[in-house]
Each structure stands twice: as structure tokens, then as C-alpha cells.
Amino acid sequence: MSLLEVNNLNVRFKTNDGLVHAINHVSFSLDKAETLGVVGESGSGKSQTVLALMGLSANNALVSGSAKLDGKELIGIPTKELNQIRGNEISMIFQDPMTSLNPYVTIETQLCEPMMVHQHSTKAQARRHAIDMLDAVRIPDIANRIKLYPHELSGGMQQRVMVAMALMCKPRLLIADEPTTALDVTVQAQLLKLLQELQDEFKMATILITHDIAVVAGACDRVMVMYAGTTVESAQIHDLFANHYHPYTSGLMTATPRVDSAQTKLQEITGEPPDLSHLPAGCAFSPRCPRATDICSQQHPVLEDMHDQNLHYVACFHARETDNKETLNS
Amino acid sequence: MNKGPLLSIHDLKVHFPLKKSWPWQQTQYVKAVDEVSFKVNQGEILGIVGESGCGKSTLIRAIVGLVGATAGSVIWAGKDLTVVKTKKTWQPIRKNIQMVFQDPFSSLNPRMTIGNIIAEPLLVHEPKLSVGERRARVEQMMRMVGLSPRHINRYPHQFSGGQCQRAGIARALILRPSILVCDEPVSALDVSIQAQVVNLLKELQHSLGLTILFIAHNLSVIKHISDRILVMYLGRVMEVGESKSLCDHPSHPYTKALISAAPLPDPELERNKRIQILEGDLPSPIHPPSGCVFHTRCPLADSNCAKKKPELRWLSETREVACIKVEEKPRQAA
Amino acid sequence: MEKSFTLRQKKKNAYFLEKVATNSYEGAFKGRSLYYDAWLRFKKNRIAKFSLVVLGLIIVMMIVLPWFSPYTYAQQNLLEVYQSPSAKHWFGTDSLGRDIFTRVMIGGRITLEIGFVATLVSVVIGTLVGATAGFLGGNVDNILMRIVDVLYGLPFMFFAILLVTLFGRNFILIFIAIGAVVWLDMARVVRGQTMGLKNRQFIEAAHVCGVKERVIITRHIIRNLIGIIAVYITLTVPGSIMIAVFLSFLGLGIQPPMTDWGGLISDGAQVIAFNYWWLLLIPSSFLTVTLLCFNFVGNGLRDALDPREQH
């Protein structure tokens, strides 16, 4: 049985400009110790999906659907019960470490507090554990650094403290929301490597949210590509990079600049992402899609298995018609 | 394309004084840009790459005159821009060197229409234009950057990030400058939009014969757009070279680390490549390491590196490098 | 339900395709400035809109009604002292038989005048000082802000009492006393905003375009400050009214027989023990309603201009 089971999740926001459809009918599952990459551009709903799971959606959000962690429903349960799960069974790392670390509290206190709350451990136990965790995230010279305040560390180190904090209660699910976006490439490489090692060590499942498909390639087992609040493609990592059926996925692949490629012109996706309060009725990608036909602008495509070696879901009416490798090379 | 340096930067230093807490203390300086020299050829795109804090933004702000240089010179058309102080003498230079900014929203005044924003440089430099002529110029420019001229009366918040960045480019190009300086113009944009803007800049460079200085922290983007790449670290130039050969066969250990850290969108390659992890943190620009500024994190460093500052030296026709450990005859010479 | 849903979707779809075909949304070619957007948001705020209407009514009443009143504010009638509200005297009369209705209207004129004029003066001085200090920075900023700090340190009550004892009770003096206090806040707010704006990239862009400094201040800085100044005005007016009323209540305000709401409330408070409730209650309710309305309008404006703060 899978660890996390998300079924038909919807998130809508009530705003002055009308209802914003941030997430539409998103379903996915996650096995134990598996890494799922969620890729999408800004406004694709990738962050909103996990915020909804954590019960952290904004006040004007309407969340519906179901998300079960080990059979236990997460959506709609009271905050008190949710607090038992948050930080204990599910932990989260955010994009900007400085906004999620309290600047007025030492690292030690920030690390120990959740453990003392969730696991009722003593201060001494918590401190010992905190030092172990900081050691696990490879922060050098911990004994001296544990009394520091967050701003006294570099960006990469802050992000490591965030990771250590997330690991304090040995969560079964770690959610990393664009953990490397604010970091430089060399620091990003360090952190991604660290996350991978920690995942093997702690045997936890991870959801890695990113806008960079190249990050996913190195770090994830499975990928879910999102566009305008819907899942457009979902597959094992090797399958996805070998055969991507959805035109948006192939668009992302060709638009991403590569340091090792010879070609100089980037293949662009024309047009702009849709306004989430005025979503097109059919496929949300149809206005930008080179393959769009009448049906695309009239009906919602549903996720269908493409019957590769593993399950490979694509939501596109024209998924079977064209071989993407050809369009890629043309 | 006629070659020859259009802009040459010589020994440029930009040091910012730190606030002293007592008057008798010695003033300390943040050495944001230190002894940087390079040339920009007519009609080329020079990419400047480096991580945050390497001084690349300060470098180009010194070139366009937004921050004052501490020492050195920036020579354009026989004039040293670092000694031009008065507004009047800057005006004709402004017309030729324009800038595109990083944040598409923050770089446009939210209270002005797109049309007025794009027309602003015209008001300053060609005040004699009639309203109709000015509007025609703006509309032509909007078409050129891929904006619909029908949106001329819209405000920036009614556009997406990519469209705002196009408007920023239109504003920079309306005076037909010869040099366009771009400060991370695509780093705030999504991948699909980023490709659009990169392609647009390349097309404009071709059709208008522009010379572009393009800053980014993402080496992959830089490689796609530039003819030559300049790698900076802690205010100094590490390596300069032709873009493809530099990415395929980097010489400087820092360039190597940068390239190996750039993720590849291919699971096989990405999982099997060797990443040169840089240990430790970026040293403080107030007290940069002695000798080679990179030696504290360099895998090749030995005691000699801490003693002598390496000069940028000729390596091959297309390559200069500032490292004493790199062999004179690199592999790509073949 | 399912059917109506698809039908609605279809309609929406046609609409969307039309928009996609023209590559734009509704009102595409018309610009919608941020201030117009803010006005639309303000109109949706029912309390703020209602308060604005009430304020308008009060102001019109103050201006128009005294003309039709058969009494003047100073007209005494010792045969009709302490009359409770009736058809003849709507709001009753006071110890000297003066018509309270007329006095409340006339007093309101004075109170609102002080509020508006003092605010206007403080906005002009505060914006100039704040914008200069914020934009130029450095020593200019240091000197101007230290002056502001020193003025903040002045004990305001002593200052007001000193002025009154030295120069007598005077309309102009009240302006000076109030203006000296409220412009300080304005200057600080504007300085902070200007410093924030100065670091925005569009100011840098204007520098690169070669736009003159003077033009940068007017075209880029002031235009972006208008919103915050508008909000500040609606919150400063009730502030200055409060100070004016307070001074009058202490007997440092306007010279009798002319009066303002503070004076009326003070008169009423002295006789409340004899159950002459209307003398206190009526002017105080006018004051309270006016202040409340100003605050609601101000909050509405602030939310409208900065929609992020609503949550």
C-alpha cells in the first residue's frame, strides 16, 4: 500500500476577480521511500498542491478531494489533529530559508522545540538529537554553531539547518518546495546530493517541487508534470525522458537550456500561461499547443496510461498520434 | 561584422566603503569588483557568469554609470566613462548604452502605461518629436519585441512577467543604442518564457547589430546566448573564452566546478556525471583570500596559490585564464 | 446540475476562445490603472462606501443648514434656557438659551475646518520634507530627520498651553499647534516610502535613460506616493480633529461665543449632573460618527490600494 494517496484534489481561491482555479482534479500516489518530482512553472499549482496537503492553504481557499497518509485522511480534519501530523509525520522545506527560520531564535531552540512538542522529549535529549541531525546534514563545527542565529550562516547553511529541522522528528514524508531555487548552482549541487543521501539513510518518501526539469532528472524516481493546476503527464523518470507524450512536457524539455548541447537556438513554447481565473474550457494548454485541434478546446483530456513498461499517464487527446522524439529533433 | 573592441574595461575596481562605527577606525572596503579587465567586441554577445556576490551586477552598473568606479577605466568610443561626471556629458553616452533589468515588474513604474514607459527615453533624448511620431516609434518598437501595439495604454500589472520584460527591452532599444547591458533579464522568468526572451534578444542582436553584455548566474542560459563567456568569482575574472569551447573544455577549476554543478535534463547523464563539489562558503569580499581568491575552495590549490595573485593570461587564441595551475597548452587546441 | 455545468463551461469556452483569438482579455486595449483598480475595490467595500456617503451628508449639512436656521450661534434667549429637544429647538438650548442645533452646525464647521486645514498643511510640509530626505539621503536626510526627532520630543501639551498663554486664544494658533504635531508623522511615512521606491529598479532604469532628477521625483516618486498620501490624509483628518476637540475641551480652543465640538462637549459635560443630556450627547455623537466615518474610509482606501493586506 502506498504511503500517500491523493485523490481528486481541488483548490479554488475566492478573490475579487472571481474564482481562481488553482488546482483541478489532481490525483497521485507516493510509495514509501520514493521520490516524486513535481515540475511546473509558476501558477501551475505545484506548491498549492502540497500546501493543501499540509493544511496550509490561504484563508480564502476552498479545498476539496481527499489525501490519505497511510489511510488517514488529511483534508478537512481539525487543525489540532493536523498539528500532530505536521512536523511529525510530514515535514516541509521551503524555498527561502530566511522566511521560515525565526531570526530572533537560536538554531538550537528552533531545532529542539518541535521535538519537545511532538515527542515530549526532554531538553537534553532534544539537544543531543539536534546535534546528530546537524551532523547528518554535514554542517561542520556544529558544537560551536548550534548557538548561532540564522542570519549568521550562509544561504546554503541555512537551507541545511532547514533540512535538519525537517528531519528532527524522523518524518515519513518530506516535502521540499523549490529548496534550491534561491541557491547558487554549486550550492544547489551540494544540497541535492545531501537530500539524496539523507533519503537513503532515513528511508523517507520525498516530494520535490521544482520548476527546473533538470533538477528532477537527477533527484527523482517519478515525475509529475503540472500545467495550470492539472497533471498533464506522470511517469517513471527514465520513461519520461525517453518518451514524453504531452506537448507541454516536450516543450519544457526543449526550452530548458543545456550546458552540454551544441545547438544555440532554444525551442520556445509560444504564448503565455493562462489566467487561472479564466481557464479555457478544454485542455488548459490548448491555446499554446502546436497540436491543438477542435476537441482540445472543447473537452478536458483525462489521464490515460500509455502502456510503457511502467505506468505512464498522459492527459492529451493527441498523445498517441505523434512520436515526440521526432518533434524533438525536427 | 567588423571586429575590434567597442568597449574596453581596464583594471576596473569598485570598492564600497563600510560604515565606520568610530571616526578613528580605518575604513574597510567591500571589494565588489577588483582589477577587472576585458574587451567587448563590436557585434558580439558577451556573457558574464558567476554566483551571487561575485560582483557581476556591480561591474555592469559601473559600466553604465549607476555606481562610481574606484579606479580603472571604461573606454567607449575613445572616451573614458569613469571620469564622465556631469549629466550633460553623460547624455550622448546614455543614448548608446542602455540597460535591461532583472525584475520585470519592479523595473516598470506601476503607475505609468506601457506606452509612456517605452516612450520615456524619447522624451529625454529626442524632445522635438511630435506626439504622433513618438507614438509611431513606440508602436514600431512594441511590434519589434513581440508586444501588440493595441496594448499601448495598458499598465504593467495587466501583463505577465514575460511581456513586462519585453516592454523593458523595448524601452532600452527605442533609442537604438549600440550597446545593450542585460542584468539577469531571464532569471525571474519561467523556462518557457525564458526561452522566448533569450531568442528575442538573439534576433534583435542580429537585426539591429547590437553588442550585448548579458549577465546570468545560470551557465546553461549564458552558453545559449553568448559568443564569449567571462567567468567571475569574488570580484575577479577567472576565465574568458569562446562560449562553446569554454563549456566543453573548461580550464579554470572554478569554471569546471560551475559546469559540473549545472544540472542536465537527462537522468542517465545527470546520475552518472561527476560533480565537483566546492567545499565551504564564499569568502567575505571585505577580506578576500590572499593570492588567488579561489584558493580556499580550489581542489588544485597548493601553497603557491596563496602567495601570488594570478594574472589573466593568454592560453590560446580564444581563451584567457587566471590560474597558475593550468597548463599552457590546453586540450582543445587540437 | 451536471448539465448546467457543461452549458456554463461551453459559454465560458466560447468567451475564452474569442479572447484568445484577440490575444487579450476584456477591456484589453483600455488601460486600467492601479488607482482605477483601487477605486473599483473601494466601491466593493460596503462600510467604506457607506461611511463616505455619511461624511458627505454631514459636511453638506454643516455648510447648508445654518443658512436656513432662524437662530444664530450667539443669539441668546434667557427665557428659554435648558429647553430639551423640541420642534422649536431641534437639539434643545443651553444655559444662555442659545439654539444647540445651530451651534452644533457652526461648531462642526470650525472643527472640520481645523481638521482639513491642519491636515493640508501637514501633508504639504510632511511630503516635501519626507520626500527630500528620503530621495537625497545622506546628510540632508540626517539633518531633516533629527529636526523631526527633536520636534517629536517637544511635550505637545506644554507647547499648546504656552502658545495660548503667550498669544491668547486664537484660531490660527490652533492650526500652528496641531500642524506642528501631525506633519511629523507624515514626513516619516513619506520618507520611508520614498526610500523604498528609490531602490526599485524603475528608478534605476530612469537614471539609465538619462531622466533628470527633478523629473524622476515628480514622474516616478510622487506618482507612486499619491496612494499612501491619500490614505494618510483620511487618517490624519480625524487625528487633527481629535487634537482640536481635546484642546477646546481643556478651554484652550476657540474664543466664545464662537464654538466648536470640543467646546460644546465641554459645556455639556459641566451640566450632565442636572440631566441636560442633550447638551453632551448630541455634539459627542456628531463627533463620534464623523471620526468613525473617516477611519472607515481610511481603512477602506488602504485595503483598496494595497489588496495584499486584506488577508
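**View 1. Chain B overall, where 50% of the 334 residues count as buried.** Here a residue is buried if 20 or more other C-beta atoms lie within 10 Å of its own, exposed if 12 or fewer, and partly exposed in between, with C-beta atoms placed from the backbone. Keep in mind that this is a predicted model, where local features need pLDDT of at least 70, side-chain atom pairs count only at pLDDT 80 or more, and totals for chains, interfaces and linings use all residues. Residues are numbered from 1 along each chain as its sequence is written, while chains are lettered from A and ligands numbered from 1 in the order in which they are written. You'll find 10 helices and 12 strands in chain B; these are DSSP runs (helices are H or I, at least four residues; strands are E, at least two), numbered from the N terminus. A compact globule of 334 residues would have a radius of gyration near 20 Å, and chain B agrees with its 21 Å. That radius is taken over C-alpha atoms, and the globule rule is 2.2 Å times the number of residues to the power 0.38. Along the principal axes, the C-alpha atoms of chain B fill a box of roughly 65 × 60 × 40 Å. Take the contacts in chain B between residues at least 6 apart in sequence: 65% of them join residues at least 24 apart. Two residues are in contact if their C-beta atoms, placed from the backbone, lie within 7 Å.

**View 2. Chain A overall, with 12 helices and 12 strands.** Its radius of gyration is 21 Å, close to the 20 Å that the globule rule gives for 330 residues, so chain A is as compact as a globular protein of that length. The box filled by the C-alpha atoms of chain A, taken along the principal axes, is roughly 65 × 50 × 40 Å. Of the 330 residues in chain A, 50% are buried. For contacts in chain A between residues at least 6 apart in sequence, 64% link residues at least 24 apart.

**View 3. Where chain B touches chain A.** On the chain B side, 34 residues are in contact with 37 residues of chain A. Which elements of chain B give two or more residues to that side? They are helix 6 (191-208), helix 7 (219-225), helix 9 (253-261) and helix 10 (267-272). Helix 6 of chain B gives the most, with 6 residues. Sort the chain B side by residue type and you get 18 nonpolar, 9 polar and 7 charged. (Ala, Val, Leu, Ile, Met, Phe, Trp, Tyr, Cys and Pro count as nonpolar, Asp, Glu, Lys and Arg as charged, and the others, Gly among them, as polar.)

**View 4. Helix 9 of chain B, mostly covered.** Of its 9 residues, 7 are buried: Pro253(B), Tyr254(B), Thr255(B), Ala257(B), Leu258(B), Ile259(B) and Ala261(B). These buried residues pack against helix 8 (185-202) of chain A, together with helix 7, strand 9 (228-233), strand 10 (236-242) and helix 8 (243-248) of chain B.

**View 5. Helix 3 of chain C crossing helix 11 of chain C.** The axes of helix 3 (residues 46-68) and helix 11 (residues 277-305) come within 8 Å and cross at roughly 140°. That makes helix 3 of chain C oblique to helix 11 of chain C. (Angles under 35 degrees count as roughly parallel, over 145 as roughly antiparallel, 65 to 115 as roughly perpendicular and the rest as oblique.) Axes are lines fitted to C-alpha atoms, for helices over the stretch in contact, and angles run from 0 to 180 degrees between N-to-C directions. This crossing is left-handed: the near helix is turned anticlockwise from the far one by less than a right angle, whereas clockwise would be right-handed. The contact divides into 11 nonpolar, 4 polar and no charged residues.

**View 6. Helix 4 of chain C packing with helix 7 of chain C.** Helix 4 and helix 7 (residues 171-198) pack at about 35°, with their axes 6 Å apart. Their crossing is right-handed, and the residues of the contact come as 20 nonpolar, 8 polar and 3 charged.

**View 7. Helix 10 of chain C under cover.** In helix 10 (residues 261-270), 7 of 10 residues are buried, among them Trp261(C), Leu264(C) and Asp267(C). The cover includes helix 4 (100-136), helix 9 (213-249) and helix 11 of chain C.

View 8. Ala33(A) counts as partly exposed because it has 15 C-beta neighbours inside 10 Å. With 11 C-beta neighbours inside 10 Å, Ala77(B) counts as exposed.
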